[in-house]
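Good morning, and thank you for making time for this item.

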Amino acid sequence: MIYLDHAASTPIADSVLQEMMPYLKENYGNPSSIHRFGRLATKAIESARKRVAELVGASPGEILFTSGGTESNNTAIHGIMNQNKSRQLITTSIEHDAILEPCKKLESFGFDVVYLPVDSTGLVDLQKLESTISEKTALVSIMLANNEVGTIQPIVEIAKICKKHHVLLHTDAVQAVGKIPVNVKELGVDLMSISSHKINGPKGIGALYIRTGVTLDPFVLGGGQENGMRSGTENVANIVGFGKACQLAKENLDENSKSLENLRNYLVQRVSSEISHVTVNGNKDKLPNNAHFTFLGVNGEDLIIKLDEHGVAASTGSACSVKTQKASHVLLAMGFSHEQITGSLRLSLGISNTKSEIDQTVDSLKVIVAELRSVSPFKAKYGF
Ligand SMILES: *Cc1c(COP(=O)(O)O)cnc(C)c1O
């Protein structure tokens, strides 16, 4: 199989699994215990926290471990807005469901939530942001990089606008971390979500960066772990694995980013020159591992099933919305027609993909697209 769905999840790196194993077996102590088993677990957690902090330019005390990107987003949104009843949250119409769903919940509680529009490349309108911010605004949440089309938002500019108006800024950086440089101080964000399984770490672990001085209402109450911010016995093995994945991501960022971009550019160049009636989506400044296409006259889901038969794992977009059969809210917000949305395909590359895998994928795509178009209802319209 050729795996081209790294925006959905990635394989655990060997060295990550290796570091986790002792904490799944002999080092099983509870970090809250005073004996040496407990101290060993605490030490492992704190060294992982340091690695996570180092990857994003934070200090360890600013890193809260969570169960992943989804929980980090929920913690940030509810944690801030709970302290700001009757105030406003500004976000965008292209966020991950892990932002949009908590926002909908806030609206049901009577909060004012504004969803900023984006242009056809998925970029947020900064003037619109500035004209929307008011005394009422408590929090702005805008993703760093989009999970479907890979568009990178100008967070530095956005942070300047938020600072000027004394409004907190949260960013969902789950897709960006490990692909582009992500430094909380350089970005100027107050809160930032990251996830382990998108960077070759285990699933079910992530972190929320909380800038020193920012306070949140805790979400999960109990034994007071994580400084009282998230109770429950720590997932030590996952935390250790996440720490190792962050260390690898930091060490190899430049090299990974360059090789992913080269491979992606090769893929895009072959597809756009060898297949007709195809558009390449997203902005110029996008994630180095994301390729997003629209093949006119083709149904993306048929494409994915056929690709799977050819041994290629791909996606139409976000893993979460495929099962609910909803048209992509990201592409709708970018102004795509239903026909364009239907023909969309996301190929997201990972560090283990090779040029020959890309060649095989493009060769399969050419055959499959031609096959699907030969029976397409749009055959006459486009003259396939
Ligand atoms: C995957 C993803 C999430 C969810 O992270 P989990 O760790 O799977 O909960 C949130 N936001 C974005 C942009 C993602 O790609």
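By buried I mean under 20% relative accessible area, by exposed over 50%, and by partly exposed anything in between, with a 1.4 Å probe and protein chains only as cover. With 10% relative accessibility, Glu226 therefore counts as buried. Please note that this is a predicted model, in which local features need pLDDT of at least 70 and side-chain atom pairs count only at pLDDT 80 or more, while totals for chains, interfaces and linings use all residues. Residues are numbered from 1 along each chain as its sequence is written, and side-chain values use heavy atoms, with hydrogens and water left out.

To stay with Glu226 for a moment, its phi is near 50 degrees, a positive value in a residue other than glycine. Glu226 sits in the loop between β8 (206-210) and α8. Helices (H or I, at least four residues) and strands (E, at least two) are DSSP runs, numbered from the N terminus. His277, also not a glycine, has a positive phi of about 50 degrees. This histidine, His277, belongs to the loop between α8 and β9 (278-280), and His277 is partly exposed at 32% relative accessible area.

I turn now to the ligand. Which residues surround the ligand? They are Gly68, Gly69, Thr70, His96, Met143, Asn147, Asp172, Val174, Gln175, Ser195, His197 and Lys198, where near means that a heavy atom of the residue lies within 4 Å. By class, this shell holds two nonpolar, eight polar and two charged residues. Here Ala, Val, Leu, Ile, Met, Phe, Trp, Tyr, Cys and Pro count as nonpolar, Asp, Glu, Lys and Arg as charged, and the others, Gly among them, as polar.

Oxygen atoms of the ligand lie 2.6 Å from a side-chain N or O atom of Thr70, 2.7 Å from a polar side-chain atom of Ser195 and 2.8 Å from a side-chain N or O atom of Lys198. Taken alone, the ligand exposes 380 Å², and the protein buries 88% of that. Such areas come from the Shrake-Rupley method with a 1.4 Å probe; for residues, only the protein chains shown count as cover.

The next topic is charge pairing. Side chains of opposite charge can pair when their charged atoms come close. A salt bridge here is a side-chain nitrogen of Lys or Arg within 4 Å of a carboxyl oxygen of Asp or Glu. A search of the whole structure finds 19 salt bridges.

In one of them, Arg51 pairs with Glu19, the closest N and O atoms being 3.2 Å apart. Arg51 lies in helix α2 (residues 36-56) and Glu19 in helix α1, so the pair ties together parts that are 32 residues apart in sequence. Arg51 is partly exposed at 22%, and Glu19 is partly exposed at 27%.

Asp359 and Arg270 also form a salt bridge, at 2.7 Å from N to O. This pair links distant parts of the chain, with Asp359 in helix α13 (residues 355-374) and Arg270 in helix α8 (residues 236-274), 89 residues apart. Are these two residues buried or exposed? Both Asp359 and Arg270 are buried. Through shared partners, salt bridges join Arg270, Glu274, Asp359, Asp363 and Lys366 into one network.

Key:
Polar contact = N/O pair within 3.5 Å; in protein donor to acceptor, adjacent residues only side chain to side chain.
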